[in-house]
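Subject: Handover of a structure, with notes

Dear colleague,

Please find below the structure that I am handing over to you.

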Amino acid sequence: MIRIIITSLIIAFSILQIEAQGRIIGLETSGNGPFLIKGKIVDDETREPIIGANVFIESLQIGESADEEGKFELSIPKGLHQLRVSSIGYEEDNILIDIRGRGSITIRLMQNINQLDEIVVTAVDPDANIRNAAAGVEKISMKSIEGLPPFVGEVDVLKSITLLPGVNSAGEASSGFNVRGGGYDQNLILLGGAPLYNPSHLFGFFSAFNSDMINSVTLFKGGIPSNYGGRASSILDLDYAKGDMQNWSGKASVGTISAKISGGGPIIKDKLSVLGGVRVSYSNYLLGLIKDPNINNSAAQFYDGNIVLNYNISDKSSIDYTGYLSSDAFNFASDTTFAWGNQNHVLTWKYAFNDKFFLKSSIVSSQYNFSILNNSGFSNFTLDSKIWDRGINADLKYIIKEGNELLFGIQSKYLKINPGSLKPQNGESSINPFEVPLEKALESGAYIQHDVELGKWVGLSYGIRYVDYRYLGSKTTYLYDELFPLSPETVTEVVNYESNKVIQQYGGFEPRVSLRFSFTENTSLKFGYNRMNQFIHLISNTATIAPTDIWKLSDQYIKPQTATQYSAGFFQNFANNTIETSIEAYYKSLDNVLEYKDGADLILNPQIETELLSGSGEAYGLEVYVKKKSKPMSGWISYTYSRSLRQVVGPYPSETINNGLVYPANYDKPHDLTAVLDYEINPFVKYSAIFTYSTGRPVTFPSAKFSFFGDDVAYYDSRNQNRILDYHRLDMSLTFNFNTKKKWLRGDWVLSVYNIYGRKNAFSIFFDDLPGSPPQAYKLAVLGTAFPSLSYNVEF
Amino acid sequence: MIRNILPILVLTVVALNACIDPVDINTTEEKKLLVVEGFISTKPGPHTFKLSKSAKYGSIFVGFSQKEENATIFIKDDLGKQVFLDELSPGLYQTPKGYQAEVGRTYTLIINSKSGQYISLPEKLEPVPIIKKLEARFKKFPSVIPEIFKSGIEIYSTFDDPADSQNFMFWDARGTFIMNTRPDLFTYRDGEGKIISAPKDCCARCFFEERKAEAEFRIYSDSKTNGNENRVLAAYIPDDGARFDEKYLIRIEQYSLSRKAFQFYNLLNEQLSISGDIFDPPPAGTNGNIVNITNPEQQVIGFFHASDYYSDSIYIEKSAILEANADKLVPEDCRVLGGDVNTPSYWH
């Protein structure tokens, strides 16, 4: 097993070695040339020649344009040269070539998909990582995510995010991810501008959105611009793709558990385009095939659908609509079904007052609902909960001059939560209907941000956001005796608030600063500071995110979570920006993080404040990142050292965790190493691999055992003082691309193996006194074997 | 309701790839805390209390839980009445025979031992509803191999929940059954390991008594069912091939609890149900309402409560086992296994 890892890494590094020397052309020949080099430039996807593409060697000041067959000829002396290849509609490529004699070369250029996009130009400059003022911002194209080995035939955006430095997750069966030591709920996931409350299908095995509908993914770990707010740790902005204004096209993919199809094109050419996608699981059918009655009597299914409409009203204004729907239902061979779903709508109007002043205004609606249906005879019930998140935004951008922009705007949202309503399903049930009162709040923000280039070597981005939060009635609230821990028994007064009356208000300024100093064209040093407030919290008394978790708004007892982050980074690019390196360090302090009393009762509790504790936290880390962007071999290696610590000290022992001492957060994993390799063996076969390693997450070992009514029970009095075994995993995939000249049918077969050496990575370690064995520790591994899968993707 | 399904849920999703294995982990810490096991009720005494010390978590040979001997224990009520307990055997203490707690009174437990002085918070004795009906239902769990399955009998208690108060309860169960063994097939191994046949003449039919046969505490809160007629699972008797040889008598004891006592048992159930899945609660200290006044920093495990008691019993005929597990063949004198050949006085 170790041998496989080492061999794989050796292969990866030896390929890297060859690459750094440049692409060798010709056999070793005596003399220094110049030698005649024949070349051909083709489209990366279609393999069709690119007529008129330009090749240029700057150091020699020679170049040529490709003929009608995409061919060119150049006389080049022996040695290393930088060949720049460009063509309209394609991304420029810089290739290092090592001329040894006469020879030939085929160059493939990637289409610049954003070239024709009128409204949003998302093309990223090759040296964007150096030139942007902000540190801690990761932008990944869907193209690079699609290159990663899929799990059960599906490319997964959220799993890809966890491969980046500073991001980790609790394990296989968890949908959440943690950014720089922050909690799961501290990430704002924006799908086309609408917040997504549950980003996963099937308890975290899949992301809840169709990757074919996504154009780009931007993760803000730090350097968060002032136009974003509402969550304490990070922003994950998923930008939708758009339907083409000229031609119709589509994609379909069949995987082991699900299938998806998407397509789009012009409804009115150059005026109105549509893009739609649907993804459906057929896991129910698969479960039925398994012999285990626990499993074939179970049901697990999900689907999601998206639609994107773009309408160009005039040169100056456009309207976009995006809609999203997802649904999950899971039932284990029993009487309990879990169901959840998201529903988002965003309507955006963009208007250019002139070529310097732009408005983007939007109406956003996001809904999330979760239900448990229980059919067990006498106590059958339905438990529903729901979040309504509705907002309006007006964002303005004024370009003072090139490299000097002003962004400002106002954003407001109305939040409503049904924390839980319980109903008997029929007359047989002894359950009484019960409703936890609705929660309502108004969260608003106003911001201004100035992005300015101060000469060539200094960039500054600074801004401030003011947030105002009002927790609204109608609501019955409770006052408690201050001399005792909060408990239903210590209520001293019951206060009723009328509808829309402000019960509690919070507000504050959130300064954001990013500063860049460049020393050369390829080197920069960046500093960042940001402060974020969060008014909505995930109440989850489990080690990882679970579908039973509920959301809670800040009220007079639950103060907003606040994160303050300081970061610094050093960025250096090599080989004409094809190799990016960076080292970033951060320190983050967290206030009012939520914790729970021992044995907290969180479901359907109208006095949930009596079960919650407030703590503080700090996180710090160092992230090292090396990325290689050119072809045929690309990939990255990232290493993160980080800590995320918590402390809860209350006035009473029942309000204190770990005896008031600092303890690691559930997702504190100090060492985290990821290596991603993407290698094009030839135009038709691509190999990719991911290796990840991380320290095992913290767990609590018992400090004693005791005998109680015949059972041996573990006794715990500390928190997270031990760790599960280290996690590591290697995934590999081969993609076979059967390209034909016929554009209407191009297919990819993707063969992938997840966890190729079948490591039984521990998801958890627990202690149990099972009959027939002594009380002892057990390890639960979610995936105990290598997991192969096959999928077929086709474009039409 | 949600908790037990997750390990298998995770299994389901990845189609049988998940696995649970024992791992060798040495815990280093050893907390020696006082463990108090016992409560008083309106049932005629004696009421038994066990005092012991917690030990290192490990195999039975590693951590040995010591009895707390020679302690003075007494129970005091809100009228100032005190009842002393006698030490029956090391660590085992009893109230006088016939001692009964009373509804509406408040009780406190006081312990003086060599490790310190302990006192419980006062516990008020609340009334418990009566059992209107007991019902037995056959329960079979799904299994991979159809011939090998787990099954047993669920006992449901029906009662009227009082609408004017918050009610918390727990159930204890005591079973009596007849087991038929085969002493005529008795064998033993001699010094060289050879199996020697040594048929015994007696005894093939014994009565056995047992306390509830499951690890979980059966508890109830009326927070969602206040004022209704309830039918609640009060006990589960697994069919092990021996219990239902003839018929099984189960006595269900229905006890009232205070809110705090309910929370303690609930916490204990949570801790017992930790199974490594995503719904696992964080590990927590199972401390109750007993305080060490000599050293208040030191935690005490256990909860002292005073409960009202109501009891009823039913016979479960062999025919109630709709799908029987293979009979267990026990080649031994049933008395050696703890059985009694005499029919108990309550058996009919």
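Predicted model: local features only at pLDDT ≥ 70, side-chain atom pairs only at ≥ 80, totals over all residues.

Residues are numbered from 1 along each chain as its sequence is written, and chains are lettered from A and ligands numbered from 1 in the order in which they are written.

Chain B as a whole

Chain B contains two helices and 23 strands; helices (H or I, at least four residues) and strands (E, at least two) are DSSP runs numbered from the N terminus. Its C-alpha trace spans about 60 × 55 × 50 Å along the principal axes. Of the 348 residues of chain B, 38% count as buried. A residue is buried if 20 or more other C-beta atoms lie within 10 Å of its own, exposed if 12 or fewer, and partly exposed in between, with C-beta atoms placed from the backbone. Among the contacts in chain B with a separation of 6 or more, 70% are between residues 24 or more positions apart; two residues are in contact if their C-beta atoms, placed from the backbone, lie within 7 Å.

The two domains of chain B

Chain B is assigned domain 1 (30–125 + 260–304) and domain 2 (128–258 + 308–348), the bounds being those of an automatic or database domain assignment. The centres of the two domains, taken over C-alpha atoms, are separated by 26 Å. In the contact between them, 15 residues of domain 1 of chain B meet twelve residues of domain 2 of chain B. On the domain 1 side, the elements that give two or more residues are strand 11 (123–124) and helix 2 (259–272) of chain B. Helix 2 of chain B supplies the largest share of that side, eight residues. By class, that side of domain 1 has seven nonpolar, four polar and four charged residues. Here Ala, Val, Leu, Ile, Met, Phe, Trp, Tyr, Cys and Pro count as nonpolar, Asp, Glu, Lys and Arg as charged, and the others, Gly among them, as polar.

Helix 2 of chain B deserves a separate word. The end C-alpha atoms of its 14 residues are 20 Å apart, which agrees with the 20 Å that they should span at 1.5 Å a residue; the expected span is 1.5 Å times one less than the number of residues. Its buried residues include Phe262(B), Phe264(B), Leu267(B), Leu268(B) and Glu270(B). What covers the buried residues of this helix includes strand 45 (711–715) of chain A, along with strand 14 (168–180), strand 18 (218–221) and strand 20 (247–257) of chain B.

A sheet in chain A

Three strands of chain A form an open sheet in the order 5-2-8, with mixed pairing; two strands pair if DSSP finds at least two bridges between them. Strand 5 (71–76) and strand 8 (103–109) of chain A are the edge strands, each pairing on one side only. Strand 2 (residues 35–43) and strand 5 of chain A run antiparallel and are joined by six bridges. Lys40(A) stands opposite Lys71(A), and Gly39(A) stands opposite Phe72(A).

Backbone features

Most residues other than glycine have a negative phi, and most peptide bonds are trans. The following sites depart from this pattern.

- A cis peptide bond, with omega about 10 degrees, joins Gly473(A) and Ser474(A). Ser474(A) lies in the loop between strand 29 (458–472) and strand 30 (475–480) of chain A.
- A cis peptide bond, with omega about -5 degrees, joins Cys202(B) and Cys203(B). Cys203(B) lies in the loop between strand 16 (195–197) and strand 17 (205–211) of chain B.
- Gln61(A) has a positive phi, near 55 degrees, and counts as exposed because it has 7 C-beta neighbours inside 10 Å.
- Asn500(A) has a positive phi, near 65 degrees, and is in the loop between strand 31 (491–497) and strand 32 (502–520) of chain A.

Glu498(A) lies in the loop between strand 31 and strand 32 of chain A. Leaving aside its neighbours within four places in sequence, Glu498(A) is in contact with Gly473(A) and Ser474(A).

Yours sincerely
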